[in-house]
Amino acid sequence: MPAAPGFPLAESASSAAPFLLPVHGAGERSRPGRRRRPVPSAPAAPGPPRHRRARSMGLPMSSLCHTSAVLVFFMALAVGVGAQQSNERSCDVIGDESSESQMERALLKKLEPLSQMRFNVTVEKGKTENYVYHFRVCREVNSTLHDFGGLVQTDRQNGKTTVIGRINETQVFNGSDWIMLIYKGGDSYGRHCSGEKRRAVIMISCKRGVTASSFSIISEEREKEQECFYLFEMDSNVACPAEDSHLSVGSILLITFASLIAVYIIGGFLYQRLVVGAKGMEQFPHFAFWQDLGNLVADGCDFVCRSKPRNAPAAYRGVGDDQLGEESEERDDHLLPM
């Protein structure tokens, strides 16, 4: 085949070689030189843009991260509150720890149920004095200040706070139905009481059925040269003595006797029924003995306790002479043998 003008034959043959695909089939021969058109592949479906895919994948991840962050925050808050409560300072009795008496430790432990409560009372004296007193039992009023303030006075006019007593200088003692809690080491007086430190005295009286109530200030003694104090009072059941629940000797004997009778009757009933095989009234333990005893008691009562005599038996009386008729003159002599 002659070459086309401008196209050499060798060049056309070499360029057509890659498109020659031999086909081997039954009864068919390969036809060299025939070109086969390549089949074009189907175009890929257009996908969403990359920024959309990233956004769709980022939405659930962001919400999950947000939820985790909230949970971590609340867990940290709970741990912080618990740590703060556990790190709160408590009452420290005046003197060395070795010198604390067992009575003082027992009283402080008795006051422990009141340690989580806060008490406030407002006092107004004319226009010059308007105070709020904040009190906690063996805890600091404001633990962030670390000033050991157990009873604090706040001036409502200028917001000034004054520590009346501190829990690290505590005294405690009790009576039959009261507990006296004393906080010493408060802020110093200015012109009163020779400039000594303030002191708070809290009288806790017994009131059953009430955890804590009626916190109030009684007076402030500051006209003396020394030993000035603030006196407060409140009611609580922690100051009440333990109720005696012992039984008398008669009650103990009565309970013991009733228990023995119950054991005797129940045990005897079970024995008679399950072991002996008794039925009816025979199941009662020692039934014959108790029946005879009952009869004896009944006879004794009938003999001793009767109120009227029994019916007397009929009496037979003889016949008097006046009741007899006249005797006849006839004798029975003729009946005798001659």
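Biologist: In which sense do strand E6 and strand E8 pair, and over how many bridges?

Modeller: This is a predicted model. In it, strand E6 (residues 200–206) runs parallel to strand E8 (residues 229–236), and 7 bridges join the two. Serine 205 has aspartate 235 of E8 as its bridge partner.

Biologist: Which sense applies to strand E7 and E8?

Modeller: The antiparallel sense: strand E7 (residues 213–221) pairs with E8 over 6 bridges. Opposite tyrosine 230 in E8 stands glutamate 220.

Biologist: What is the distance between arginine 222 and glutamate 129?

Modeller: Glutamate 129 and arginine 222 form a salt bridge with their closest N and O atoms 3.4 Å apart. This pair links distant parts of the chain, since glutamate 129 is in strand E2 (residues 129–135) and arginine 222 is in the loop between E7 and E8, 93 residues apart.

Biologist: Is glutamate 129 buried or exposed?

Modeller: Buried, with a relative accessible area of 19%; the limit for buried is under 20%. Arginine 222 counts as partly exposed, at 27%.

Biologist: Where do glutamate 227 and arginine 199 lie in the chain?

Modeller: Their side chains meet in a salt bridge at 3.3 Å, N to O. Glutamate 227 is in the loop between E7 and E8, and arginine 199 is in the loop between strand E5 (178–185) and E6, 28 residues away. Arginine 199 is buried at 16% relative accessible area, while glutamate 227 is partly exposed at 45%.

Biologist: Which residues are linked in a network of salt bridges?

Modeller: Glu88, Glu112, Arg136 and Arg139. Some of these residues return around serine 115. The backbone oxygen of glutamate 112 lies 2.7 Å from a polar atom of the serine 115 side chain. Leaving aside neighbours within four places in sequence, serine 115 is in contact with Arg136, Val137 and Arg139.

Biologist: Where is serine 115 placed, and is serine 115 buried or exposed?

Modeller: Serine 115 sits in the loop between helix H3 (102–110) and strand E1 (119–125). Its relative accessible area is 2%, so serine 115 is buried.

Biologist: Now the nonpolar side. Which residues touch the most other members of the largest nonpolar core?

Modeller: In soluble globular proteins, nonpolar side chains tend to be buried together. Here the largest nonpolar core has 33 residues, and Leu111, Tyr133, Phe135, Leu151, Tyr183 and Ile202 touch the most other members. At least two residues of this core come from each of H3, E1, E2, strand E4 (161–174), E5, E6 and E8.

Biologist: What is isoleucine 202 in contact with, leaving aside its neighbours within four places in sequence?

Modeller: Phe135, Leu151, Ile179, Met180, Leu181, Tyr183, Phe232 and Met234.

Note on methods. Residues are numbered from 1 along each chain as its sequence is written. This is a predicted model: local features need pLDDT of at least 70, side-chain atom pairs count only at pLDDT 80 or more; totals for chains, interfaces and linings use all residues. Side-chain values use heavy atoms; hydrogens and water are left out. Two strands pair if DSSP finds at least two bridges between them. Helices (H or I, at least four residues) and strands (E, at least two) are DSSP runs, numbered from the N terminus. Buried means under 20% relative accessible area, exposed over 50%, partly exposed in between (1.4 Å probe, protein chains only). A polar contact is a pair of N or O atoms within 3.5 Å; within protein, one must be able to donate a hydrogen and the other to accept it, and residues adjacent in sequence count only if both atoms are side-chain atoms. Contact means heavy atoms within 4.5 Å. A salt bridge is a side-chain nitrogen of Lys or Arg within 4 Å of a carboxyl oxygen of Asp or Glu. A nonpolar core is a set of buried Ala, Val, Leu, Ile, Met, Phe, Trp, Tyr and Cys residues joined through side-chain atoms within 4.5 Å.
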